[in-house]
Amino acid sequence: MTAILPGAPWLIAHRSMLRINKPYKVALNGQDYVLWQNQQGEIFALDNVCPHMQAPLSDGWICQERGTIACPFHALEFDGQGRMYQSDKVGNQPLTNPLELIIKDDCIWTYGGYVPKIPVPNLISKVSEGMSFVGVAGEKSIGGTFLDNLSINYDYNHQSGTHRDLFGIKANRIPVFEQDGYWAKVVQELDREDSTWNDILRNPVILTAPKTYTGILEYAFPALTTFRTSFLLGEILQVHVLYPETENQTKTFVLVYSKPKHPVILPLLRRSMLSAVTTVVEQDTRAIETSYPRQRAKIRLPNEEIMFHAQKLYHDW
Ligand code: FES
Ligand SMILES: [Fe+2]
């Protein structure tokens with residue numbers, strides 16, 4: 001495939017998604033890689049194709065003592081630089097290519113072998129300052145193009161349809177839209193419908209939700225959409241991550257951070273925060289996977305210029 005947005009920095013995983021000494025497979029721009037983290041917290045990434053008979057290394061296992069990955073087919077071992085390890089010796093040439101990683105705040109970034117065109121963004125450290133990391137939610141491979149997945153993150157009308165049962169939106173205002181290159185900021189105000197008893201029984205967390213939400217969104221095109229909002233018990237930050245696996249498959253996951261008014265309630269809120277985020281991702285996924293191929297729209301809704309702005313960055317890359 002031709003690479004999507006070559007030279008863009010992609011956030012391919014958060015450290016917490018890698019279990020110690022367990023291979024983790026990543027597909028990026030049509031290439032498969034295997035990642036693993038050792039006990040010391042060092043992270044390695046190699047081309048997933050075994051140079052012997054092309055088995056997927058991610059189906060293999062990690063040999064702790066030697067810090068190697070063993071191929072599932074004939075058990076040949078490779079170190080984190082892709083050199084073969086045999087009879088207590090490591091070869092001097094890599095036989096499978098290592099993938100260059102940049103690790104920042106426990107986030108694992110890569111350019112997928114392309115020459116960097118823009119720097120790894122500082123957005124996560126900036127927006128999560130003073131907050132605690134809660135976990136990762138909504139890890140999913142979505143059947144849809146990168147552009148369709150990107151667009152929904154800049155689409156300020158889809159809450160009324162896609163997320164109607166979660167939020168019950170009555171009114172939606174965008175008082176702020178600022179942009180500067182690949183960065184953008186949007187402030188969104190949403191008025192909720194009154195919750196019915198049914199809603200409350202189904203989702204008691206709704207009681208803690210204010211009548212009007214103010215969401216502050218900041219974007220680092222193309223990888224990140226951050227969404228910060230306050231609720232009765234504190235503040236929550238979602239970092240929605242996207243990267244292209246192939247032309248028609250897009251990976252997403254959401255890093256969740258929180259600043260509760262009382263730290264003791266963080267563990268109590270953890271589950272409901274992560275499951276609410278998972279629901280949001282599932283609803284977006286359904287919207288993308290069930291839509292017919294895109295054509296020129298015959299109708300325009302308000303605030304769509306925000307989405308057009310992102311689409312323009314994509315096409316002008
Ligand atoms: S295919 Fe990997 S060791 Fe043979
Ligand atoms: Fe959405």
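This is a predicted model: local features need pLDDT of at least 70, side-chain atom pairs count only at pLDDT 80 or more; totals for chains, interfaces and linings use all residues.

Colleague: Let us begin with the overall layout; which domains does the chain have?

Modeller: The domain assignment divides the chain into domain 1, residues 10–110, and domain 2, which is made of the two segments 123–291 and 299–315. Taken over C-alpha atoms, the centres of domain 1 and domain 2 are separated by 32 Å.

Colleague: How much area do domain 1 and domain 2 bury between them?

Modeller: The general idea is that the size of an interface is often given as the accessible area lost when the parts come together. Here domain 1 and domain 2 bury about 1,300 Å² between them, and 69% of that area is on carbon and sulfur atoms. On the side of domain 1, Trp10, Leu11 and Met17 lose the most area to domain 2, and together they account for 39% of what that side buries. If we count contacts instead, 16 residues of domain 1 are in contact with 18 residues of domain 2.

Colleague: Now the strands, please; with which strands does S18 pair, and in which sense?

Modeller: In general, strands of a sheet pair through backbone hydrogen bonds, either parallel or antiparallel. Strand S18 pairs in the antiparallel sense with strand S12, residues 132–143, over nine bridges, and also in the antiparallel sense with strand S17, residues 234–246, over 12 bridges. To find these pairings in the picture, you can look for Ala137, whose bridge partner in S18 is Val254, and for Gly234, whose bridge partner in S18 is Pro260. A hairpin of two residues joins S17 to S18.

Colleague: Is strand S18 largely enclosed or largely open to the outside?

Modeller: Strand S18 covers residues 249–260, and because 10 of these 12 residues are buried, the strand is largely enclosed by the rest of the structure.

Colleague: What is the order of the strands in the open sheet?

Modeller: The open sheet has five strands in the order S5-S6-S7-S8-S9, with antiparallel pairing. Strand S5 (61–63) and strand S9 (89–94) stand at the edges with a single partner strand each, so one side of each is left without a neighbour in the sheet. Within this sheet, strand S6 (residues 68–70) and strand S7 (residues 77–78) run antiparallel and are joined by two bridges, with Ile69 standing opposite Phe78 in S7.

Colleague: Which residue takes a positive phi in the hairpin of S2 and S3?

Modeller: That residue is Asn29, with phi near 50°, in a hairpin that has two residues between the strands. Strand S2 (residues 24–28) and strand S3 (residues 31–37) run antiparallel and are joined by five bridges, and Ala27 has Asp32 as its bridge partner in S3. Strand S2 is mostly covered, since four of its five residues are buried.

Colleague: And what should I notice about helix H2?

Modeller: The general idea is that an α-helix has 3.6 residues a turn, so residues three or four places apart point the same way. In helix H2, residues 146–153, eight of the eight residues are buried, so the helix is largely enclosed by the rest of the structure. Among the buried residues of H2 are Phe146, Leu150 and Asn153.

Colleague: Finally, where is Gln54 found, and what is its phi?

Modeller: Gln54 is found in the loop between strand S4 (43–47) and S5, and its phi is near 65°, a positive value in a residue other than glycine. Gln54 is exposed, with a relative accessible area of 52%.

Colleague: Which peptide bond is cis?

Modeller: The bond joining Phe221 and Pro222 is cis, with omega about -5°, and Pro222 is found in the loop between strand S15 (212–220) and strand S16 (224–231).

Terms used:
Residues are numbered from 1 along each chain as its sequence is written. Chains are lettered from A and ligands numbered from 1 in the order in which they are written. Side-chain values use heavy atoms; hydrogens and water are left out. Buried means under 20% relative accessible area, exposed over 50%, partly exposed in between (1.4 Å probe, protein chains only). Two strands pair if DSSP finds at least two bridges between them. Domain bounds come from an automatic or database domain assignment. Contact means heavy atoms within 4.5 Å. Buried area is the accessible area (1.4 Å probe) that two parts lose on being put together, summed over both.
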